[in-house]
Structures are given as C-alpha cells and as structure tokens.
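Please read the following account alongside the sequence and the three-dimensional view.

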Amino acid sequence: GAAHEWAESTAADLDRRTLRLHEEFYAQFREWYMGHGEYLHKKALLLRDITTKIAELQEAKKAALERLDPTADQYDEQLARLLQQSQELEEGLPRLREAAAQGMRLLEPTQAFLTARGLPFVHPDVELHRANQDRERELYQLRLRKNWEQLLQSQKALASLDAPADPSATSPPLSLPCPSA
C-alpha cells in the first residue's frame, strides 16, 4: 500500500537525483579535462618548439665557432635559458599526464552509470584528441602559409638579382598557387 508507493517514489526520486549528479559531474569533469588537455598540449608543443630552437642555436654556434667568430659565445646564454626551460617542461609534463590519468579513473563510475542507462556518452578523451588534431592542423597550415610567403619573397628577390638590363626581355616570374593543407 502506502509504504510500497512511498518506497517506489523515494527510489524514483533517488534515481533522478543520482542521474542528475552524474550528469553534472560529467559536465564539470569534461570542462576540466578539456582545459587541462589543452594546457598539456600547449606545453608539449612548447617543448617541441624549444627543442627545435635549441638544435638551431647549437648549429648556429657551431658555425660561428668554425668561422672563428668572436661573438660565438653569445649563444651560450640563450642555450642555457632554453635548456632550463626544456628541463622544466620535461619534468612537468609527466605530472600533468598523471593528473589526467587520475581524473580519468574518477570518471569511470559516471561513464558506467550513464552508459548503463543507454544515455549518449562521448568520452572527453575522444573530444580532446579531435580538438588537439584541429589545433595541430591549424598550426601546420599557418607554418605552411608562412613558408610559402617566404618562398615567394625569395623568388622575387632572386628574380630582381637576375633582371636583365632590358625589362621587355624578361619572362614573367613563376607564380604558383599557395598549397592548401
């Protein structure tokens, strides 16, 4: 009778509240995970850029030493600063990755609850992977355009060096469309 109805009503209410709590947790976790993942990705890209810059500076210093350039030592300070930054990033990235892994373990009960209910569930890691791929693609396209513009500027500079005295004798410069990524 009444006790049974009360128990069913309480169970239904508890079920709704539990669902709402899991949905709220998922939304908050997703927001944290996406922000954390973007931060981690940017730090990894920064480390990659610093590693490239270190290699470039080492090569420049080596070339300066081979030329017996007295300013070759100017690279030491920059290299020391970049090596320090690189070391800090290399030490920090594993901690950031571990924080993400710990967060994923916290999400498991919510993921299990929502998927058991048949509710649509997109794992934040899938979303983060897509977002990072999009960021990588944008960076690649930006570098490609920059390199293309430098190529065209070099082409114009070379064409002006090779220009004959009679401008009517020149053939038009090679003009290529900018490649799309």
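The paragraphs below take up the helices, then their packing, and then an aromatic pair.

The model is a predicted one. Helix α1 covers residues 2–66. Just after α1, L68 adopts a positive phi of about 60°.

Helix α2 runs over residues 74–116. The same reasoning applies here: at 1.5 Å a residue, its 43 residues should span 63 Å, and the end C-alpha atoms are 63 Å apart, so the two values agree. Just after α2, G118 has a positive phi of about 75°.

The packing of helices can now be considered. Two packed helices are described by the angle between their axes and by the distance between those axes. For α1 and α3, the latter comprising residues 124–161, the angle is about 35° and the axes are 10 Å apart. The crossing of α1 past α3 is right-handed. On the α1 side, the residues in contact include Y26, F29, Y33, M34 and L45, together with the charged residues R30, E38 and R48. On the α3 side, among them are P124, L128, A131, L139 and R143. Sorted by class, this contact contains nine nonpolar, three polar and eight charged residues.

Aromatic rings also pair within the model. A search of the whole structure finds five aromatic pairs. In one of these, Y26 and F121 are tilted, with 5.1 Å from centre to centre and 50° between the planes. This pair links distant parts of the chain, since Y26 belongs to helix α1 and F121 to the loop between α2 and α3, 95 residues apart. Y26 is also among the α1 residues that meet α3.

Note on methods: Residues numbered from 1 in each chain as written. Predicted model: local features only at pLDDT ≥ 70, side-chain atom pairs only at ≥ 80, totals over all residues. Heavy atoms only, no water. Helix = DSSP H or I, 4+ residues; strand = E, 2+ residues; numbered from the N terminus. Expected span 1.5 Å × (residues − 1). Axes fitted to C-alpha atoms, helices over the stretch in contact; angles between N-to-C directions. Left-handed = near helix turned anticlockwise from the far one by under 90°. Contact = heavy atoms within 4.5 Å. Phe/Tyr/Trp six-rings, centres within 6.5 Å; stacked < 30°, edge-to-face > 60°.
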